[in-house]
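Please consult the sequence and the structure shown below while reading.

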Amino acid sequence: MPERPTLYIVIPCYNEQEVLPITAPQFRDKLRQLEEAGKISGESRVLFVNDGSRDRTWAIIEELAASDPHFLGISQSRNRGHQNAVLAGLMEAKDRCDITISIDCDGQDDINAMDAMVDAYLDGCEVVYGVRSSRETDTFFKRFTAQSFYKFLAAMGAEVVYNHADYRLISSRVLREFANFREVNLFLRGLVPLVGFKSTSVSYARAERLAGESHYPLKKMIALAVDGITSLSVKPLRLIMGFGLMVAFISFIGCLWALITALCGRAVAGWASMTCIVCFVSGVQLICLGIIGEYIGKIYMETKQRPRYIISERTWENDTKS
């Protein structure tokens with residue numbers, strides 16, 4: 001382990017033209033502070049990943065890279081989602097540095113927690129998770145759904161760090177092993193713990209977004225939750241099998257009751273009870289088919305083995321051309 005490791009701060013960006021000019025200098029200043037403290041080398045960089053933005057995000061990244069060597073940027077050929085953007089940055093950085101820290105561009109994550117992350121790495125940890133100390137800045141709905149999501153993942157048997165998103169330090173050694181994970185359906189906060197190696201966590205307080213609007217609405221959060229559950233656990237399939245057996249047992253008891261009633265001559269024709277039973281069983285079947293279909297869809301996407309990201313431009317390639 002080098003005494004002064006090279007750090008790459010990996011920052012995914014999607015339509016961040018409003019907040020990027022504010023947070024970019026903060027990331028650069030944090031690099032300089034860590035350099036002056038002797039914790040990282042002078043070759044450390046801030047690596048922006050443009051995730052197919054439709055505004056001036058990439059143009060701003062190019063301007064930053066041209067004005068300061070601390071800034072680098074790569075651009076994906078199209079929008080592929082937050083998780084794929086983070087992965088693209090990590091894979092691009094793994095052979096150029098000793099450690100990476102992934103963080104969002106919006107300024108909500110406390111960049112001062114990077115000091116403790118680097119210290120933990122120098123003490124021998126290969127992975128350091130940034131964990132939120134509280135969710136006071138979230139609305140009640142977001143706080144409730146997020147905490148329920150982590151608890152539900154744990155109940156499903158997935159190995160996740162509670163209240164951890166994608167703010168983490170990962171060494172290049174771990175990233176080289178992580179590159180062997182070929183999943184197309186990415187849920188990084190659940191996949192990274194599977195790699196192993198010595199790890200720890202650092203607590204920090206999350207602030208309000210500095211500018212612009214969140215690009216992670218409820219629809220995307222639900223999609224991420226589904227990806228997380230179906231990518232890390234098969235327990236839902238086992239649960240519906242158990243539920244199906246329970247319904248089948250109850251139905252068998254009902255059939256016996258109906259047969260005995262008919263033999264005793266006490267059968268009464270009634271459509272209400274029959275309709276309720278049919279609707280209930282049909283609903284259970286549709287839910288089970290939906291869950292199974294979700295897994296089949298994941299298998300379908302995995303078998304295609306499509307690239308998880310495509311980098312169309314790099315700022316240092318632009319420098320070479322010029």
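This is a predicted model: local features need pLDDT of at least 70, side-chain atom pairs count only at pLDDT 80 or more; totals for chains, interfaces and linings use all residues.

Strand β1 covers residues 7–13 and is mostly covered, since seven of its seven residues are buried. In a regular strand, side chains alternate between the two faces of the sheet. In β1, the residues L7, I9, I11 and C13 point one way, while Y8, V10 and P12 point the other way, and all are buried.

Strand β1 runs parallel to strand β2 (residues 45–50), and six bridges join the two. Within this pairing, I9 stands opposite V46 of β2. From β1 the chain passes through helix α1 (residues 20–36) to reach β2, forming a right-handed β-α-β crossover. Strand β1 also pairs with β4 in the parallel sense, over four bridges. There, Y8 has T100 of β4 as its bridge partner.

**Strand β6 and its neighbours**

Strand β6 (residues 164–171) is largely enclosed by the rest of the structure, because seven of its eight residues are buried. Strand β4 (residues 99–102) pairs with β6 in the antiparallel sense, and I99 stands opposite S171 of β6. Strand β5 (residues 127–132) also runs antiparallel to β6, and V131 has H164 of β6 as its bridge partner.

**Summary of the pairings**

| Strands | Sense | Bridges |
|---|---|---|
| β1 and β2 | parallel | six bridges |
| β1 and β4 | parallel | four bridges |
| β4 and β6 | antiparallel | four bridges |
| β5 and β6 | antiparallel | four bridges |

Definitions and conventions
Residues are numbered from 1 along each chain as its sequence is written. Side-chain values use heavy atoms; hydrogens and water are left out. Buried means under 20% relative accessible area, exposed over 50%, partly exposed in between (1.4 Å probe, protein chains only). Two strands pair if DSSP finds at least two bridges between them. A crossover is right-handed if, with the strands pointing away from the viewer, the path from the first strand over the helix to the second runs clockwise.
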